Amino acid sequence: HQVVADLKSVTYPDFGARVEVTKNLAFALVYRGQFGLDLNVAANVKAGIGAAAYGDITTLALGLQTDTIDSFLPQQVVLGGSWKLTDDLRTNLDVTWVNWGAYVPPVTRIETQLSVPLPPGTQLPGGVPAPTTPAPTVVTPVSIHDTFVPHLGVEWRALARPTWEGFVRGGYEYDRSPLGAQTGTTNYVDRDRHAVSAGLGLRLIAPGKILPGDVRFDVHGQLSVLATATTTKNDPSDLVGDYTAGGHIWNVGLMATVGF
């Protein structure tokens with residue numbers, strides 16, 4: 001047996017720009033490129049076929065090629081604005097275009113080459129017919145479209161002292177599912193998502209001679225609620241049948257930032 005692996009890095013562009021129109025108003029533009037992680041596996045097998053008492057009748061030659069996209073991130077464009085309502089209150093709004101229409105289904109594509117040559121006048125033990133090459137995998141197209149995802153955030157500086165500041169934050173996001181109705185043979189399960197978040201922040205101003213800038217500590221929590229809905233199949237004899245999906249996702253995080 002021999003295995004040969006070839007690991008390659010995957011790169012994509014990611015950049016942004018922020019412009020302050022006034023002291024209290026700023027706009028930003030961000031672009032994130034498309035990312036795809038390919039998994040390609042090729043196998044070649046040769047094995048003797050026969051009966052123990054008579055030895056090998058022939059040699060089976062099998063060539064197998066599988067191609068899969070294990071992970072896919074669509075390209076995105078974000079346009080956002082930040083408005084400082086007062087010295088202590090700031091609101092942020094952005095809209096993200098997500099190119100889900102370029103989505104590649106994570107279905108393995110399989111191509112096989114099979115050869116079982118039999119000498120004239122011979123057959124496999126038990127009269128079993130020689131296997132033939134399987135047809136290549138046919139991937140059913142998925143109905144999926146681009147989406148626009150709005151995000152709203154508010155930050156309140158609740159405490160302001162000469163050496164430190166405390167912040168309270170809240171946010172909301174609505175992410176509409178990009179999938180079309182799964183009433184046919186495909187079963188990509190997704191639902192519209194409402195996400196609410198809250199966070200706290202602490203900023204230490206010039207905490208020492210070594211750090212003349214500031215040090216920030218931020219903690220956040222987010223709850224995503226996926227709307228519960230039932231998918232009804234067009235074909236009553238569908239092997240999967242109707243199903244109901246929904247749920248919620250928790251996300252928590254902690255971040256530390258050092259400014260110079």
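How many bridges join strand β5 to strand β6, and in which sense do the two strands run? In this predicted model, in which local features need pLDDT of at least 70, side-chain atom pairs count only at pLDDT 80 or more, and totals for chains, interfaces and linings use all residues, β5 (residues 76-84) and β6 (residues 89-98) run antiparallel and are joined by 9 bridges. Residues are numbered from 1 along each chain as its sequence is written, and side-chain values use heavy atoms, with hydrogens and water left out. Within this pair of strands, W83 has T91 of β6 standing opposite. Strands here are DSSP runs of E with at least two residues, numbered from the N terminus, and two of them pair if DSSP finds at least two bridges between them.

Stepping back to the whole sheet, 9 strands form an open arrangement with antiparallel pairing, in the order β1-β2-β5-β6-β8-β9-β10-β11-β12. Its edge strands, β1 (14-20) and β12 (243-259), each pair on one side only.

With β9 (residues 164-175), β10 pairs in the antiparallel sense over 12 bridges, and L204 of β10 stands opposite W164. With β11 (residues 214-231), β10 again pairs in the antiparallel sense, here over 13 bridges. The bridge partner of H194 in β11 is V225.

Charged side chains come next. Side chains of opposite charge can pair when their charged atoms come close. With a salt bridge taken as a side-chain nitrogen of Lys or Arg within 4 Å of a carboxyl oxygen of Asp or Glu, the count comes to 11. One of them joins R193 and E173, whose closest N and O atoms are 2.8 Å apart. That pair links distant parts of the chain, R193 in β10 and E173 in β9, 20 residues apart. Both R193 and E173 are buried, where buried means under 20% relative accessible area, exposed over 50%, and partly exposed in between (1.4 Å probe, protein chains only). R18 and E20 also meet in a salt bridge, at 3.2 Å from N to O; E20 is exposed, with a relative accessible area of 56%.

A further salt bridge connects R216 and D214, with 3.6 Å between the closest N and O atoms. D214 is buried at 13% relative accessible area, whereas R216, at 30%, counts as partly exposed. Through shared partners, salt bridges join D214 and R216 with D88, R157, E165 and R203 into one network.

The surface also carries a nonpolar patch, formed by W156, V168, L200, V219 and L254, with about 500 Å² of accessible area together. Patches are made of residues with over 30% relative accessible area and no salt bridge, nonpolar side chains (Val, Leu, Ile, Met, Phe, Trp, Tyr) being joined within 5 Å and like charges within 9 Å; the areas come from the Shrake-Rupley method with a 1.4 Å probe. V219 lies in strand β11 and is partly exposed, with a relative accessible area of 39%.

Finally, L118 sits in the loop between β7 (109-115) and β8 (147-160). L118 counts as partly exposed at 32% relative accessibility. A separation of 7.2 Å lies between the C-alpha atoms of L118 and I57, which are 61 residues apart along the chain.

Technical notes:
Helix = DSSP H or I, 4+ residues; strand = E, 2+ residues; numbered from the N terminus.
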